[in-house]
Structures are given as C-alpha cells and as structure tokens.
Amino acid sequence: AAPGVREAAVLAVRDAAGERLYAFVAGDAAAVPRWPARVVGLESLPRAADGSVDRRALRRMAAVD
C-alpha cells in the first residue's frame, strides 16, 4: 500500500532478453512511488469481461518496452 495508489499488478514477461518483472500501478500519477524498476503508471488497470485484471493486455503493454 502506498498513498495515491488505487491498485497494482505485477507481471513477469519473458522475451529474447530473458525474464523481466513489470509493475503496473494505477492511481494519482504524482503520488505513485518511483522505484528503480519498470513501473508503468496507468489511469486504471485493464479489465477482462469478468472484471479481473486483463494480464494479456498488460503483457502487450510490457512488450513495447
């Protein structure tokens, strides 16, 4: 928990460079902590039709890194 963070998800992404860990954080952009890692600030986390976090959409976002 961090002030200004509404929700977060972490995803391990494997590509040619190896496996990397991405953190996706939704909340007040000014309040989201800045860690020395790949942290992607979002207005809100993408949702699947059933309301769960859409990890496929997160994986696509990580692929553009």
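Predicted model: local features only at pLDDT ≥ 70, side-chain atom pairs only at ≥ 80, totals over all residues.
Pro 46 touches Ser 52, Val 53, Asp 54, Ala 57, Leu 58 and Met 61, leaving aside residues up to four places away in sequence; contact here means heavy atoms within 4.5 Å. Pro 46 sits in the loop between strand 3 (39-42) and helix 1, and it is buried, with a relative accessible area of 18%. The term buried stands for under 20% relative accessible area, exposed for over 50%, and partly exposed for what lies in between (1.4 Å probe, protein chains only). Between Pro 46 and Leu 58 there are 7.4 Å in space, C-alpha to C-alpha, although the two are twelve residues apart in sequence.

Residues are numbered from 1 along each chain as its sequence is written, and side-chain values use heavy atoms, with hydrogens and water left out.

Two of the residues touched by Pro 46, Ala 57 and Leu 58, belong to helix 1 (residues 55-63), where the buried residues are Ala 57, Leu 58 and Ala 62. These lie on the same side of helix 1 because they cover an arc of only 140 degrees around the axis, the arc being that of the directions from the helix axis to the C-beta atoms. Arg 56, Arg 60 and Ala 63 are exposed on the face turned away from this buried side. Asp 54, another contact of Pro 46, caps the N-terminal end of helix 1, with a side-chain oxygen 3.2 Å from the backbone nitrogen of Arg 56.

Helices (H or I, at least four residues) and strands (E, at least two) are DSSP runs, numbered from the N terminus. Strand 1 (residues 5-15) and strand 2 run antiparallel and are joined by ten bridges; two strands pair if DSSP finds at least two bridges between them. A hairpin leads from strand 1 to strand 2 through two residues, and Ala 9 stands opposite Phe 24 in strand 2. Strand 2 (residues 18-27) is mostly covered, with seven of its ten residues buried.

Across the 65 residues of the protein, 26% count as buried. Among contacts between residues at least 6 apart in sequence, 33% join residues at least 24 apart.

Notes:
Polar contact = N/O pair within 3.5 Å; in protein donor to acceptor, adjacent residues only side chain to side chain.
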